[in-house]
Every structure is written in structure tokens, then in C-alpha cells.
Amino acid sequence: MDRYARWNALLEVLAESGRVTVEDAAERLDVSQATIRRDFDQLAQQQMITRTRGGAVANGVSYDLPLRYKSAKHSAEKQRIGEAAANLVVPGTVVGLNGGTTMTEVARALAVRPDLNISGDGAQLTVVTNALNIANELLVRSRMKIVVAGGVVRPQSFELVGPLGGALLKEVTLDIVLLGVDALDVELGAAAHHEGEAAMNSLMVARAKRVVVIADSSKLGGHAFARICPISKVETLVTDSGAPPELLDAFRDAGVQVVCA
């Protein structure tokens with residue numbers, strides 16, 4: 001397990017229990033106590049945890065992990081989902097992308113499709129995003145036209161939120177929006193943990209002709225704080241094969257096309 005994977009695991013333990021000892025963390029992660037002490041010290045330097053005698057405690061009751069520490073979770077599933085979602089994009093169209101680890105994989109899959117990287121005469125793909133890391137992934141790997149919504153950056157997700165970005169989104173039309181969510185439920189719809197991200201995502205949905213939700217199976221059937229849109233707005237769900245069949249059938253019954261990667 002590399003350093004970032006350990007940090008991710010430690011932060012998730014703290015999110016669940018609020019505190020953990022060096023001994024317990026070392027046993028859970030099957031590493032030495034010296035390694036855990038170094039990890040705790042480095043996380044404390046970044047103000048992500050509070051160091052205690054013999055362990056660590058979470059800095060807050062609600063833990064929203066920064067994106068760079070979340071990439072190791074469900075990584076294989078997210079790569080497959082990213083490729084499947086990218087295959088839904090047609091050359092020459094306008095695509096909306098929000099942020100998150102799964103959407104990073106979508107952006108990487110889009111960037112390596114040769115037919116989406118042709119310049120001139122309407123063939124060039126246009127991507128509208130409110131996530132700085134998504135814009136960077138596409139900018140350094142492709143020749144697509146990148147439009148970034150303004151706003152205030154959320155360090156946890158690299159997404160821009162607030163009225164500045166909303167003003168831009170209200171003036172554009174998207175052929176398709178590929179939307180990463182924190183939860184998707186047949187009754188509750190799509191949702192995000194942060195209300196600012198949910199508001200930006202709702203604007204993307206309102207400006208899109210097609211709405212595709214990108215979510216690994218751990219996000220399905222759950223709920224999050226702020227609603228993005230009802231299930232009736234979702235045309236397609238792209239998820240992984242680990243999703244329970246009965247849950248996928250419920251989405252299909254609600255009129256959602258399901259793609260399992």
C-alpha cells in the first residue's frame with residue numbers, strides 16, 4: 001500500500017470513529033507503528049487531523065476528504081466507468097463535466113479518443129467544466145476547446161462554486177452532461193454532499209439536452225445532503241457490475257437507461 005492509499009485509509013477510519021491509536025491503525029493497515037506515526041505527523045502538518053498522545057483525532061465531525069486522497073478507492077471500477085461514459089460522447093458536441101475522482105477517469109478517457117481531438121470545421125469537442133483538475137487533464141492531453149466556469153475553489157474537490165460560475169452556465173447550452181454524484185436514488189434523485197457543488201450541477205442539468213449520471217455501485221441507493229435533480233431528469237446511468245441487479249432494475253423501471261462497465 002503506497003502512502004496516499006494509507007492516508008486515504010487512515011482518514012476514512014477517522015471519519016467513521018473520530019479517533020484512532022497508532023497501534024490500532026498499524027494493525028488495520030498491516031504496516032509498522034513507525035510508518036503510522038510518520039503518516040499521522042504528515043497529515044497533521046497539512047491540518048487534516050489533530051495529533052494526540054499515542055494516536056490522532058479527526059478535525060471535524062463531518063469529513064470531506066480532499067480529492068487527491070480519494071483516488072485509490074474503487075480505482076479499477078472507476079477506470080472502467082470512465083471509459084464507458086466517454087464512449088457516449090459524439091465528436092463535435094458540447095459536453096459538460098463536473099468534478100470528482102470518477103469524473104477524472106472520464107476526462108482521461110475522453111482525452112485519449114483520437115476522434116474527439118480533431119480540430120476545425122465543427123469536429124472539435126467543446127468541454128464545459130467547473131473543475132480545475134478536469135480542465136487540466138484535458139488541456140495537457142488533448143486539443144479540445146475547454147471552457148471553465150468561474151467561482152470559488154473548493155479544495156476538497158477542485159470544483160468552482162458560487163454565482164460567478166452560475167452566470168456562465170446560464171448562458172451556454174450543453175449537448176450532454178456527464179455528471180459525477182455522491183448519491184443516486186430512485187426516489188430521491190441525484191445528490192451531492194456540498195450545497196455549492198449541487199447548485200452548479202443543477203445548472204448543468206438545466207442547460208443539457210441529455211443527462212448522464214456517472215456513479216460507481218457504492219453511490220447507488222444512498223443519499224446526500226443537497227439534491228441535484230430528480231431521477232426523471234436522468235437519461236442514462238453508467239455504473240459498475242458490482243451494483244445489485246434489483247437496484248439496477250429499479251432504475252430501469254424509473255425510465256433510466258443503465259450501462260454497466
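Mentor: Contact means that heavy atoms lie within 4.5 Å. Please keep in mind that the model is predicted.

Trainee: Against which elements do the buried residues of helix 6 pack?

Mentor: They pack against strand 4 (94–97), helix 5 (101–111), strand 5 (126–129) and strand 6 (145–148). The buried residues of helix 6, which spans residues 132–141, are N133, I134, A135, E137 and L138.

Trainee: What makes D30 exposed rather than buried?

Mentor: Exposed means over 50% relative accessible area. D30 has a relative accessible area of 71%, and therefore it is called exposed. D30 is placed in the loop between helix 2 (22–29) and helix 3 (33–45).

Trainee: Why is F158 called partly exposed?

Mentor: Buried requires under 20% and exposed over 50%, with partly exposed in between. The relative accessibility of F158 is 26%, so F158 counts as partly exposed. The loop between strand 7 (152–154) and strand 8 (159–161) holds F158.

Trainee: What is noted about the phi of D30 and of F158?

Mentor: D30 has a positive phi of about 55° without being a glycine. F158, which is not a glycine either, has a positive phi of about 65°. Most residues other than glycine have a negative phi.

Trainee: Which residues does the annotation "domain: HTH deoR-type" cover?

Mentor: According to the unreviewed UniProt entry, the annotation covers residues 3–58. Over residues 3–58, the chain is 64% helix and 20% strand, and the end C-alpha atoms are 19 Å apart.

Technical notes. Residues are numbered from 1 along each chain as its sequence is written. This is a predicted model: local features need pLDDT of at least 70, side-chain atom pairs count only at pLDDT 80 or more; totals for chains, interfaces and linings use all residues. Side-chain values use heavy atoms; hydrogens and water are left out. UniProt positions are given in the numbering used here, feature names are shortened, and annotations may be inferred rather than shown by experiment. Helices (H or I, at least four residues) and strands (E, at least two) are DSSP runs, numbered from the N terminus. Buried means under 20% relative accessible area, exposed over 50%, partly exposed in between (1.4 Å probe, protein chains only).
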